[in-house]
Amino acid sequence: LFVAIKGQEMSKAETVSRSNFKYMYWSPRQQLVHHSVTGCNMQPGDLLGSGTISGKEDSELGCMLELCWKGTREVKLGESGEVRKFLKDGDDVIITGYAQGMGYRVGFGECTGKVLPANKI
């Protein structure tokens with residue numbers, strides 16, 4: 001899994017995190033058991049989210065809060081000169097990923113979202 005950020009003034013996105021499902025603490029089977037042991041009725045097609053997947057290196061931390069160490073350090077966005085402690089309005093967040101095994105590699109393409117300003121009440 002790769003996560004990149006592209007600020008409004010940046011010409012290209014910069015990767016801020018690379019992680020891997022091998023770092024999961026709980027297996028999918030354990031997650032399913034944990035979810036259903038309390039009586040939750042699982043149905044075909046139900047989705048379970050893995051949550052943050054962080055590796056051992058700083059470049060493998062799984063979320064912005066971990067990357068900026070709760071706002072105490074800046075995350076450099078490549079050679080653009082921009083830094084972040086938290087996402088800003090107008091930032092694009094780009095997630096790409098793939099799974100691979102012996103002789104195959106399957107990706108899900110690019111998933112991009114833009115951070116929008118909060119609605120005024």
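Helices (H or I, at least four residues) and strands (E, at least two) are DSSP runs, numbered from the N terminus. The model is predicted: local features need pLDDT of at least 70, side-chain atom pairs count only at pLDDT 80 or more, and totals for chains, interfaces and linings use all residues. Residues are numbered from 1 along each chain as its sequence is written.

Four strands form an open sheet in the order β2-β1-β5-β6, with antiparallel pairing; two strands pair if DSSP finds at least two bridges between them. The edges are held by β2 (14-18) and β6 (104-114), each with a single partner strand, so one side of each lacks a neighbour in the sheet. Strand β1 (residues 2-6) pairs with β2 over four bridges, in the antiparallel sense. V3 has S17 of β2 as its bridge partner.

The largest pocket is lined by 31 residues. L1, F2, S19, N20 and I53 lie nearest its centre. Two or more lining residues come from each of β1, β2, α2 (64-67), β5 (92-101) and β6. β5 gives the most, with five residues.

The lining of the second largest pocket includes T15, V16, R18, D58 and K76. β2 and β3 (75-76) each supply at least two residues of this lining. The largest share, three residues, comes from β2.

Technical notes
Side-chain values use heavy atoms; hydrogens and water are left out. On a 1 Å grid over the protein atoms alone, a cavity is a set of points where a 1.4 Å probe fits but cannot get out, and a pocket is an open set with protein on both sides within 12 Å along at least five of seven lines; lining residues have an atom within 4 Å of a point.
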